[in-house]
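Thanks for coming. Please look at the sequence and the model on the screen while I talk.

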Amino acid sequence: MEKIKHFYREILPLYIFFSYCLGYVFIKTYYSTFGIDIEYYISITDLLFLSIYLLVSLALVLIAVEILLKIVVMFIYPIDYEKLEKEDKKKLNQKRGNAEMISFIILFVLSFIISYYTGEYLYTFTVLFTLLPIKMVSASNKFDKSRDAEFDNKLDFDFLNVMIGIILFFLSFLYGWKESSNVKNNNGLFFSKNIEFTYKNEKLISTNNNIFVGETSEYVFVYDKKISKTQIYNKSDLEDFRVNDPTVISKEDKIKYNQTIQEIKKLLEPTDSSK
């Protein structure tokens, strides 16, 4: 009971503050490239939802990757947990440590392969470097014969928090910078939308030159690529605000998708050794 109280009183507020800081680093870096001082236009609620979105998205990706790695390692390096749990716990820990190392090697190799064929180095290495400290501590705990439980050492827990915090702050900065560059090229991951609205009886539609940059609960930002300036609209002054269906894929995206599929097929096709 005391541990639960300690978590809610001291640990949880720190995590919430960290989430706010993480979201702010990302959004400040992103909007500053458009000349926008976002702190004058964003609310605490906007920042909270953005932070939750970023962290939940990353968590879901990490969980999915970890599950896939567990499945692959299970076939490559099978462990009889039930037998070793009864007979030799030290050997079991050793094998678990080996499995973690194998898992990381697979992740490391796949990160380079995927990055090479997709060109998305930042996204793939985000997963790699976020899981790196977790796997390092997990493997070291299993190799240490004096321990049976994972992450039961406060020093390890603090190390993980500090390392992951530093990595996520650095990645938030890079993501903000990369996302702004992608949006200017109409290829954003988080903020790209095709919108249209009426402002002072004039209908405005986002195009390759008038690019939707983002929005808060009260403002909409549109970047004019020709003159390199951002127009800020108050939502209360807008009429007929519409967002186009995001599932509709453009011709350019279809071409890129088909090219990536063809490259993957070439990689997976067996070579004819008789030639």
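Start at the hairpin of β1 and β2, where 2 residues lie between the strands and K200 takes a positive phi near 55°. Strands here are DSSP runs of E with at least two residues, helices are runs of H or I with at least four, and both are numbered from the N terminus. This is a predicted model, in which local features need pLDDT of at least 70, side-chain atom pairs count only at pLDDT 80 or more, and totals for chains, interfaces and linings use all residues. Residues are numbered from 1 along each chain as its sequence is written, and side-chain values use heavy atoms, with hydrogens and water left out.

β1 and β2 (residues 202–205) run antiparallel and are joined by 4 bridges. Two strands pair if DSSP finds at least two bridges between them. Across this pairing, Y199 stands opposite E202 in β2. β1 also runs antiparallel to β6 (residues 238–243), again with 4 bridges, and there T198 faces E239. How much of β1 is covered? Of its 5 residues, 195–199, 4 are buried. Buried means under 20% relative accessible area, exposed means over 50%, and partly exposed is in between, with a 1.4 Å probe and protein chains only.

Next, the open sheet. Its 3 strands come in the order β3-β4-β5, with antiparallel pairing. β3 (210–215) and β5 (229–234) are at the edges with a single partner strand each, so one side of each has no neighbour in the sheet. From one strand to the next the twist averages 25°; axes are lines fitted to C-alpha atoms, for helices over the stretch in contact, and angles run from 0 to 180 degrees between N-to-C directions. β4 (residues 219–224) pairs with β5 over 6 bridges. In that pairing, F221 stands opposite I232.

F221 brings us to the rings. The structure holds 12 aromatic pairs. Rings of Phe, Tyr and Trp (its six-membered ring) pair if their centres lie within 6.5 Å; planes under 30 degrees apart are stacked, over 60 edge-to-face, and the rest tilted. Y41 and F221 have ring centres 5.8 Å apart and planes at 80°, so this pair is edge-to-face. Y41 is in the loop between α1 (2–32) and α2 (44–76), while F221 is in β4, so the pair ties together parts 180 residues apart in sequence.

Are these two residues buried or exposed? F221, at 0% relative accessibility, counts as buried. Y41 is partly exposed, at 26%. Both belong to one aromatic cluster, together with F26, Y30, Y31, F34, Y219 and Y223. At F34, the charged end of K184 sits over the ring, 5.1 Å from its centre. For that label, NZ of Lys or CZ of Arg must be within 6 Å of the ring centre and within 35 degrees of the ring normal.

V65 touches L107, V127 and L131, leaving aside residues up to four places away in sequence. Contact means heavy atoms within 4.5 Å.

Last, the whole protein. There are 7 helices and 6 strands, and the pattern along the sequence is α-α-α-α-α-α-β-β-β-β-β-β-α. Of its 275 residues, 31% count as buried.
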